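Colleague: I have a model open and would like to go through it with you. Could we begin with the metal site and then turn to the chains?

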Amino acid sequence: MSIATTQKKGFGAVLWDYLTTVDHKKIGNMYIAAGAFFFLIGGLEALIIRIQLIKPENDFISAGLYNEMITMHGTTMIFFAATPILIGFMNAIMPLQIGARDVAFPFLNSLGFWLFFFGGVLLNLSWIFGGGAPDAGWTSYAPLSLQSPGHGVDFYVMGLQLSGAGTLMGGINFIVTIVTMRAPGMTYMRMPLFTWTTFVTSILILFAFPALTVGLFLLMFDRMFGSAFFDVALGGNAIIWQHLFWIFGHPEVYILILPAFGIFSEIIPAFSKKRLFGYTSMVFATFLIAFLGFMVWAHHMFTVGLGPVANAIFAVATMAIAVPTGIKIFNWLATMWGGSITINSAMLWALAFIPSFTIGGMTGVMLGAASADYQYHDTYFVVAHFHYVIVGGVVFGIFAATHYWYPKMFGRILHEGLGKLSFWLFFIGFHLTFFIQHFLGLMGMPRRYWVFLENQGLDTGNLISTIGAFLMGLGTIVVLINVVYTAVKGKKVSGDPWDARTLEWAIPSPPPEYNFKQLPLVRGLDPLWIEKTEGKGKMTPAEPVVDIHMPNGSIYPFIMTIGFFIASIGFIFQVDNNVWLLAVYFGMALALGTMVVRSLKDDHGYHIHKEDLEREAD
Amino acid sequence: MNNENMNIDKINSFQKQQNKEEMKKQIITFVLMIAFTVVAFAVVASGLEAIYAVPLILILAVVQVGFQFYYFMHMKDEGHEVPAALIYGGIWVAILVALTMATIIWW
Ligand code: HEM
Ligand SMILES: [Cu+2]
């Protein structure tokens, strides 16, 4: 009924619907779509980098443009592709897994999305309006970032500030949702692992992002208002930026990988037809990783000259992280042990993840040995390491989640043949690209250089690496084709196409806007599986059919974001001409004014009535 | 019927007792906080040396924050475990950062 009406809506109505929506499922879709868009841009930049490095002393792009490419590639991939796509899955799936009807603050959720999206747009506008994109690396170390001419780095600062605020809101929202909105019977120790990792990731966001915010503020004032926090000549200290960046930066890599761990911890039990091995130790390991993750940031700074004591402490803490990570690896293996395993696209990504990520973890421990890191630091060895963890861990996780949850989110199943094709292209391309880079690095090829010289033993390795990159590109294109094909012609599926275990599979696909007609009663871990083994096959409701309270959509988040967006542009250009301060005032007034209106106007939402609910079929 | 009424009376009087206790605690902490503030000002006014005055005031401040959280913001009541854990987590991270900064940058 409601689906039929959506289909008849015109384009304008659909657009308005998405601009104003506060529904976690639609916001999740938007996060994933926008993240995928930025993933393509970042991928294009990666290919350009690899073309430049295909042969010695290539002049495909200039040195300056090369610096812009690596900076934009890294920044885009971390902040605007990987993070938002994962937040998208958290939005789309986590409330379903705990039996909630929405997140705790639907309005904030929408605001968080728009801030992220316009942050990404702002960053990319630097190509056109910034006199060149930012070029100081995704780490933007001072004093390089202070010296960088043009407005590139200013766009970096304001773009990340906008999207960082959005991410922080998302994190707080998820924490409150998980603490307060679990269905009856859903105790903490019955929560699925993906919900657990969402929870812990959100805590990391809560504590890590403020460090970035502070760092960016200091950089902003140094670049735009003549302060000297990082300017050594005026008594500042450039190392403070590095600390602030990595106090944020290392937890950020766990913000990326923990949700991926969560995804695999859902997929592996579902397709092994066994409950997750060592559930309790998985939860414990997640917390331990988060805890240790805050005490290792200086391993990115071993060569800065912190002194042997500091280096030793951080080296030991770094290596300690391998322990909880190892626990997880063994738990996944033990989950599959003796299970009846189905190998489909989602499971293929999960299986490939285990060895790929383990290699990345191993090189991580190698890098963590402070004295050895003097050799590895800033070589292609580091590039190989973090791509093994980020691509082999996070991107594999994202593709796995896409195949696993697509039926839940859109009611259609992705094409298996295309899924397998994309997997093999990407998987082979990935190892071709990055495995050889370990050796390039060990042979001394430095990172972030735009050319290398002939006859130093680097030629073949780089050629192979570039070929691999194109295979990954092909794999990604096949995934896109698969999504388009499925959207048009894909097979429709029931609510539970995988015969899975957790709550999200107990409701129709795609879920109705209120998710659960009646909140379910949870009787243990893997609640749906419990009902299946006891012959019932569906959840017992914990309440009668009653009116459901829903929040109203709102355009305010969008308007607020536009306000902050305009103000950010004003901040960037007021350096050249004071007139731009008008944009700052106007943008701030728009944003703050909208906040005032929102605070003063009561909005009680609406109810979906019991009678309408009863009329809709089960 | 009668019996039930009696039970409700009992519950009511129990509730009243609780509220009274709670009120008493609130007032005591409120008075204590004012006292702390007065002491802090007095310490400065008395011209005590800075090495003694600063730590003393800091201790008073920490205790006062504790009272604020636990009594006025009800963290002592049940159901506040997660916020408490998060607050302590945040404090821990902040201490760690300040400590490292102090030791490896400025020392
Ligand atoms: C066993 C766990 C890990 C250990 C011991 C480890 C260790 C390290 C070390 C020591 C470095 C610094 C290398 C250098 O610059 O000389 C590094 C860099 C890096 N790691 Fe890891 N790591 C681990 C896991 C991860 C994970 C899970 C991710 C992301 C999902 C990750 C992402 C990165 C990134 C992005 C960099 C490079 C940052 C840059 O300089 O641009 N690491 N890792
Ligand atoms: Cu790190």
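Colleague: Which residues are the protein donors of the copper ion (ligand 2)?

Modeller: This is a predicted model, to begin with. In it, the copper ion (ligand 2) has His250(A), through ND1, and His299(A) and His300(A), each through NE2, as its protein donors. These donors lie 1.8 to 2.0 Å from the copper ion.

Colleague: How are the donor residues spaced in sequence?

Modeller: The spacing is H-x48-H-H. His250(A) belongs to helix H9 of chain A, while His300(A) is in the loop between helix H10 (279-293) and H11 of chain A. These two residues are 50 residues apart, and the pair links distant parts of the chain.

Colleague: Is His250(A) buried or exposed?

Modeller: His250(A) is buried, because its relative accessible area is 6%, under the 20% cut-off. His300(A), with 22%, is partly exposed.

Colleague: How far apart are the copper ion and the iron atom of ligand 1?

Modeller: The copper ion (ligand 2) and that iron atom are 4.5 Å apart.

Colleague: Now the chains. How much area do chain A and chain B bury between them?

Modeller: They bury about 1,300 Å², 90% of it on carbon and sulfur atoms. In chain A, Phe207(A), His243(A) and Trp297(A) lose the most area to chain B, together 31% of what that side buries.

Colleague: How many salt bridges cross that interface?

Modeller: The rule finds zero salt bridges between chain A and chain B. H9(A) gives the most to the side of chain A that touches chain B, namely four residues. By class, that side has 16 nonpolar, two polar and no charged residues.

How values were computed
Residues numbered from 1 in each chain as written. Chains lettered and ligands numbered in written order. Predicted model: local features only at pLDDT ≥ 70, side-chain atom pairs only at ≥ 80, totals over all residues. Heavy atoms only, no water. Buried area = accessible area lost by both parts, 1.4 Å probe. Salt bridge = Lys/Arg side-chain N within 4 Å of Asp/Glu carboxyl O. Nonpolar A, V, L, I, M, F, W, Y, C, P; charged D, E, K, R; others polar. Donors = N, O, S within 2.8 Å, 3.2 Å for Na, K, Ca; no water. Buried < 20%, exposed > 50% of the residue type's maximum accessible area, 1.4 Å probe, protein only.
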